[in-house]
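Here is a short briefing on side-chain and helix packing. Read it alongside the model.

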Amino acid sequence: MWGRYRDARRLLSVCRTLNRKSWRWRSGCANERTLQYKIGDQIHGFTVNQVTAVPELFLTAVKLSHKNTGAKYLHVAREDSNNLFSVQFRTTPMDNTGVPHILEHTVLCGSQKYPCRDPFFKMLNRSLSTFMNAFTASDYTLYPFSTQNPKDFQNLLSVYLDAVFFPCLRQEDFWQEGWRLEHENPTDPQTPLIFKGIVFNEMKGAFTDNEKIFSQHLQNKLLPDHTYAVISGGDPLSIPDLTFEQLKEFHATHYHPSNARFFTYGNFPLEQHLKQIHEEALTKFHRIEPNTAIPVQQLWVKSREHHVKCGSDSFAADPTKQTAVSVSFLLTDITDTFETFTLNLLSSLLVGGPNSPFYKALLEAKLGTDFSPDVGFNGCTRRAYFSVGLQGIAERDIETVKQIIAKTVDEVIEKGFEEERIEALLHKIDIQMKHQSTSFGLALTTYIASCWNHEGDPVELLKIADTVTQFKQHLKENPTFLQEKVKQYFKDNPHRLTLSMSPDESYYEKQAKLEAEKLKQKVSALSEEEKKQTYERGLELIALQSKPQDTSCLPALKVSDIEPTIPFTELEMEIAADEIPVQYCAQPTNGMVYFRAVSSLNTLPEELKPYVPLFCNVITKMGCGALGYREQAQLMELKTGGMSVRPHIISDDSHLDSYEQGVLFTSLCLDRNLPDMMHLWSEIFNNPHFEEEEHFRVLVKMTAQELSNGIPDSGHLYASVRASKTLTPAGELQEMFNGMDQVKLMKRIAEMSDIKPVLRKLPRIKKYLLNSDNMRCSVNATPQQMSQASKEVEHFLKGITRSKKERKPVRPHVIEKSPEPRTVGSERLNYSQITRKLITEPTFKPCPMKTHFLLPFPVNYVGECIRTVPYTAPDYARDPNSISTFSTFEKAVKWAQSGEFTQQDIDEAKLAVFAAVDAPVAPSDKGMNHFLNGISDKMKQRHREQLFAVSSNHLIHVADKYLACGKSTHSLAILGPENPHIDKDPSWVKR
């Protein structure tokens, strides 16, 4: 996977280095046994260099180095069962052939110990991993995995180590993953030769995204002296210049332990990791000088400008306003922890939210639709940079935007920032430290990757509390501290790039022409014998790809390794404000309170429904009570970790034609701020503002732009949502709220010269949604916080309005559904229950549909959906969808019907399913299946037992009953360019 990492650093807390007596652990606690290591200890070829406790994050960091190879190692011990490993290499390409990206793919195609094809992907079905992937960034390549099972950890570690250090690197894998010349129809030598290859096609798709084009050019032009001047993922026009020999050479020079950084996280013992890494990989190497360091970018003495072209956006609200422009400034070296922290925080002050100076000056200037791509602080390169600008502007307004940016910089230098805004950002850091994520290890490895990649100290990055203290001290001693930084890095900084981008109607045609010229050059260089070999090679590759693989060399867990039962989550149910059910779930939330509420859409008139997503998006951003939208945003940042509203559509667990429709309200805060958070909700429910027409227009344009920009990244999801539209009643609503219908609606609203008619719909929607009719709530907090939380929720619910007269549901068929009564032993407990009012469509008839959405870029996104069964049906556990990855879907169905799979195939499918079923759940999310979906732990346990019981006969049965052609309703959707085959087929509907 190729991606330009933004600086995703979580702001973490303080620690102090502690001296310890012995490295041999004597305690079961991950932190306690790790604190017993001491500097200088020798463990399996590694030397302990530093041991640091970070009590605020409940972790201990151990920094080590490998004696013989110089490999760097960081272990973070924490009482977290979701353990993670990653290995990272500094990869510094000097051309656009995408060599690190193609290498990332190719090393995963087989290794010395595991020579079968694609062991990486085959391990997905032989493991209970909670995460497996690989990433190519601008200057490093990262291979992470996580799992909760110790044996699984050792298995995956063995596969990962062998893949990166001892890959097979076969020529045919290079052809498959990188690029090759092959006949359009590989079995017909009369069809033309074309470029093929997984990375080649991936990068063609990536650069149909205008935001990616802009961001890539920004980095290339702002840092032009070394590796950042090229595209690490590969330019499709340059990828065919890469040779197999160059790929092998890049591996030899970059994938060496002397150029590696190992990271482990969790509660498994460090010693076992070190032993396995040392014995299976590092003993086979000696130290080298990798020479991969990236030199410091030479600073400019004069600012520069650059202009690029891109494809036009068919979803642009105004076709004459598709230009983007930004001004970017090169900042400090990211290994300077304090300066990087300061500039990151300064960036948030400058562009974060409606109170920031650039939001006011740019977004409210009525020139564009949203900030330019890659806005804000970026710490992914050796020197960080800051970028600000606008997209969705007219080309003639480029100079105006530049002038506004310069003027805003001057105003900030003169006026500075309000203390409350700085306090709100420091509060956000506090929230981030306390909030517990199930992927904390993955967040850590990406958090430290860039800084560590350039010899920065990863442990220093964990000492955020020290950095915050230092920051506060600087502000106290020098009130103009931040203004001076703005002057230094923005006003007086000549290393400044103005990048603009505008559409070209023939952009994709020109790209296709350039590719055709490249193809012609490659083909014309082939002799007749080489052309014949190319054809034969295509046939060989097909034969290789379809050849059954012997995977017996790969390690695997057994079904017997899966826990037979799940732990049940304790839930308390109460009735508040006389009739509103509230679910309380006591969890170790670390001083955080998580509040959620669901309000029904059953009484909302049908003509207002399409506007529900827009209502959800703006209701917390328009102001409420005595607060304008700026004051509301400020108070939310000071007192909460976020307040959000979104549509809630859930299919019933036992009937496909029944569903719940509503709106979900979500928020979190520190326990001390619970009264303030609930007061904000009260004001939003009782006194929301709908008067600020110009601010509403800004929000509409931003929403429409974000939806349009998201299509290249999420096209497959849009295709799937569309394909499911006609299969269930809930599918139609999903398309209305989350599909291409919503994208088109937002485009139309953004185009309106008079937006008042839409604005007037919001108070009408409010009347049906923001009241206590048909509502339920939930709270996750520590046991000590529950009494206070109960009082605050009761106060909130009593304070919000109720309808004066009972409203009838718009749809006539409503059923009330309660969860199964809970039992202890043989006794059934009587306690308050959540009753959900479901819409049911007794006359609904699913129908097949084929939809083709025409898009201007040369990539197809395909979705196929099949109507099957609900969650509680026995056949739900027997859905063999995982087999579709073996071949095309139709072939997979025939294979499933034939019953040609083995018991090993079934066991591997079960492992893959249980890896998802048993994914870790954060304390904040415990009990949410019950609250949101009506699925109890008892139902989940029953489903688990059905999964264990699945047999070959069951799979053949469901394949024949649901997946075979004509047995169940199928729908298709394609988002992409003109297609001559579809044009000739009248069964397709074109949009």
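Which residue lies over the face of Phe-440? Arg-78 does, at 4.2 Å from the ring centre. A charge counts as sitting over a ring if NZ of Lys or CZ of Arg is within 6 Å of the ring centre and within 35 degrees of the ring normal. This is a predicted model, in which local features need pLDDT of at least 70 and side-chain atom pairs count only at pLDDT 80 or more, while totals for chains, interfaces and linings use all residues. Residues are numbered from 1 along each chain as its sequence is written, and side-chain values use heavy atoms, with hydrogens and water left out.

**Rings**

- Arg-537 lies over the face of Trp-175, at 4.3 Å from the ring centre.
- The structure holds 36 aromatic pairs. Rings of Phe, Tyr and Trp (its six-membered ring) pair if their centres lie within 6.5 Å; planes under 30 degrees apart are stacked, over 60 edge-to-face, and the rest tilted.
- Phe-153 and Phe-268 form an edge-to-face pair, 5.7 Å centre to centre, with 90 degrees between the planes.
- That pair links distant parts of the chain, 115 residues apart: Phe-153 is in helix α4 (residues 150–165), and Phe-268 is in the loop between β12 (260–266) and α9 (270–280). Helices (H or I, at least four residues) and strands (E, at least two) are DSSP runs, numbered from the N terminus.
- Both Phe-153 and Phe-268 are buried. Buried means under 20% relative accessible area, exposed over 50%, and partly exposed in between (1.4 Å probe, protein chains only).
- Phe-595 and Phe-796 have ring centres 5.8 Å apart and planes at 85 degrees, so this pair is edge-to-face.
- Phe-595 in strand β21 (residues 592–600) and Phe-796 in helix α28 (residues 786–799) are 201 residues apart, and their pair links distant parts of the chain. Both Phe-595 and Phe-796 are buried.

**Helix packing**

- Helix α10 (residues 337–351) packs against helix α16 (residues 464–477) at an angle of about 70 degrees, with the axes 10 Å apart. Axes are lines fitted to C-alpha atoms, for helices over the stretch in contact, and angles run from 0 to 180 degrees between N-to-C directions.
- α10 and α16 are therefore roughly perpendicular. Angles under 35 degrees count as roughly parallel, over 145 as roughly antiparallel, 65 to 115 as roughly perpendicular and the rest as oblique.
- On the α10 side, the residues in contact include Phe-338, Phe-341 and Leu-345. Those they meet in α16 include Ile-464, Val-468 and Phe-471. Contact means heavy atoms within 4.5 Å.
- Helix α6 (residues 198–206) has Val-199, Phe-200, Met-203, Gly-205 and Ala-206 as its buried residues. Their cover includes α2 (99–106), α5 (171–177), β11 (193–196), α7 (210–222) and α18 (507–524).

**Backbone**

- Glu-455 is not a glycine, yet has a positive phi of about 70 degrees. Glu-455 is in the loop between α14 (440–453) and α15 (458–462). Its relative accessible area is 46%, so Glu-455 is partly exposed.
- Asn-590 also has a positive phi, near 65 degrees. Asn-590 is in the loop between β20 (580–586) and β21.

**Met-775**

- Met-775 is in strand β24 (residues 775–781). Its relative accessible area is 5%, so Met-775 is buried.
- Leaving out residues up to four places away in sequence, Met-775 touches Ile-580, Pro-581, Val-598, Ser-599, Phe-685, Leu-797 and Ile-800.
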